[in-house]
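I opened my notebook for a first walk through this structure.

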Amino acid sequence: MGSDGMLRNQTMICVRLMSKSIEQMITEMGRVKSDGADIVEIRLDCIKNFRPQEDLQILLRDRPLPVIIIYRPKSEGGEYEGDENKRLEVLRLAVELGADYIEIEFKVASEFMVDANLNKSSDSEIIVSCRVVGETPSGEDLSHLVARMKSAGADIIKLVTDATDITDVARIFHLLSHCQVPLIAYSEGDQGLISQLLCPKFGGFLIYGSTGSNPIPGLPTLHSLKQAYKPEILNSDTKVFGLISKPVGHSKGPILHNPTFRHVGYNGIYVPMHVDDLKKFFKVYSCQDFAGFSVGFPYKEAVTVCCDEIHPLAKSIGAVNTIIKRPSDGKLVGYNTDCEASITAIEDALRARGCANGEASLPSPLNGKQFVLAGAGGAGRALAFGARSRLARIIIFDIDYERAKSLALSVSGEAHPFEDIVNFRPEKGAILANATPVGMHPNTDRIPVAAETLGVYQLVFDSVYTPRNTRLLKEAEAAGAIVVSGVEMFLRQAMGQFNLFTGGEAPEDFMREIVLAKF
């Protein structure tokens, strides 16, 4: 494929069908085709009372999509417990009936190929698969395994590994880039998710999308692939950006950044990255393809030691939420877009309600106000430094009292243990900012302060944005306070990140429209 990011690549999106009846299989095939799947994987071993001759003919006769036929034995993680020879006979029958693809396990592939006399008599393509259990082998060992699988007669090779760390996936990307045979290769589990999402960039044969109400760890949903990631337009020149966090399942970044990349014609993809070891991650993913990162919980402070340079604002805050790999020299440069995002969101809300004290000379409606901050982590530090720059009087509560004291010293504020916040009585017209996870999905029924104090605050800000309208904001608004959702901060910090990622200007109206529609 050429360098034009809008050209469709050849990677197909596959959905695995494990229905219990032929009727359900047929129905599911039609549904996933309409949802955007390119190919389906049919698990014959899941069908109850399976009748090979009749049922295979029904499945293949009017199929709306190409199919991969699998008859997985119990020993390989499937549900078939019968005679092995009969299982292989069914797969040979699928070849005779013209199935598009047949998947066979590596350990029986040579035997199957000889008996089926496939090369002379069939248009079916054979996928030889191997599931590597345990630690991901070295790149050299994986290459040797692929060579042996190819020699077994594979038209296509399928290799599945366990990812105990996201850095394991780099070996999969290397394989995909260098394999001379069509290759399906991915790592399972949350740490392996990027092996699916970035597979088209490295030339993989297909990726899997999950459907239904129970997402499979490590597999993106078909809906997210079609709506957010659009793998068909990725190519070898696509720049990779992602959220470094643990966990990452809550991230809304992909549904904002990816459509915006496409909107401005930028050849990039933004993916969630479940990272366990920061230093190891940056060492392994050091190539220019991985061009920039958002940094989330719990790494905004810890990641500073991984940066080669840090922007002065981020350095004073002691927290980085954005890292750019500088193209000229590959150096990692850290920034903080949380600070201005959160403070300007609060200021604009106060100004919109005419709360600037009527004094045009004041640079900020926060000037002189009591600013009560719950949480002294990365987001809390950004809020504290932003509030200090606007000459607010800062009072900090944190579960780690020493951390609260350290931050208070940096911003000339007060520090208190977090448990004291429920008894704290703010000044009339104070600002409350929640920078803790209290109230975040799924524990949405909690608020960090005493409910009876909410009416005293002039404005309540919540950095939590899942859910968009937290219990804290609902109760504060009912008590008469101005409320600012973490969604507004999220949008503004994302715009700052987008500018750093692309070197262009973020399209605010477009991004705001997505946030209002999707969050």
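Predicted model: local features only at pLDDT ≥ 70, side-chain atom pairs only at ≥ 80, totals over all residues.

**Entry 1: the whole chain.** Next I stepped back for the overall picture. I counted 18 helices and 20 strands in the protein chain. Its C-alpha atoms fill a box of roughly 85 × 50 × 40 Å along the principal axes. Of the 519 residues, 56% are buried. The accessible surface comes to about 22,000 Å², and carbon and sulfur atoms account for 50% of that.

I also looked up the charges. The chain carries 55 positive and 64 negative side chains, and the centres of the two sets lie 3 Å apart. For contacts between residues at least 6 apart in sequence, I noted that 68% join residues at least 24 apart.

**Entry 2: a sheet of six strands.** In what order do the strands of the open sheet of 6 strands come? I wrote down β10-β9-β11-β13-β14-β12, with mixed pairing. The edges are β10 (268-274) and β12 (309-310); each has a single partner strand, so one side of each is left without a neighbour in the sheet.

- Strand β9 (residues 239-245) runs parallel to β11, and 5 bridges join the two. Here I found Ile244 with Val295 in β11 as its bridge partner.
- Strand β13 (residues 322-325) runs antiparallel to β11, with 3 bridges between them. The pair I picked out is Phe293 and its partner Ile323 in β13.
- At the β12 end, I saw β12 pair with strand β14 (residues 332-335) in the parallel sense, over 2 bridges. Glu309 stands opposite Val333 in β14.

Is strand β11 mostly covered or mostly open? I checked residues 290-295 and found 6 of the 6 buried, so I wrote "mostly covered", with buried meaning under 20% relative accessible area.

**Entry 3: helix α7.** Strand β11 came up again when I looked at helix α7, as it is among the elements that cover the buried residues there. The helix spans residues 169-178, and its buried residues are Val169, Ile172, Phe173, Leu175 and Leu176. They cover an arc of only 160° around the axis, which puts them on the same side of α7. Besides β11, I listed α6 (139-151), β6 (156-162), β7 (183-188) and α8 (193-197) as part of their cover.

**Entry 4: Arg471.** Is Arg471 buried, exposed or partly exposed? I found a relative accessible area of 36%, which makes Arg471 partly exposed. Leaving aside residues up to four places away in sequence, I saw Arg471 touch Thr444, Asp445, Arg446 and Ile447. I also looked across to Asp100, 371 residues apart from Arg471 along the chain, and noted 53 Å between their C-alpha atoms.

How values were computed
Residues numbered from 1 in each chain as written. Heavy atoms only, no water. Helix = DSSP H or I, 4+ residues; strand = E, 2+ residues; numbered from the N terminus. Buried < 20%, exposed > 50% of the residue type's maximum accessible area, 1.4 Å probe, protein only. Contact = heavy atoms within 4.5 Å. Areas by Shrake-Rupley, 256 points an atom, 1.4 Å probe, with all protein chains shown as cover. Lys, Arg positive; Asp, Glu negative; His and termini not counted. Charge placed at Lys NZ, Arg CZ, Asp CG, Glu CD. Pairing = 2+ DSSP bridges. Arc of directions from axis to C-beta.
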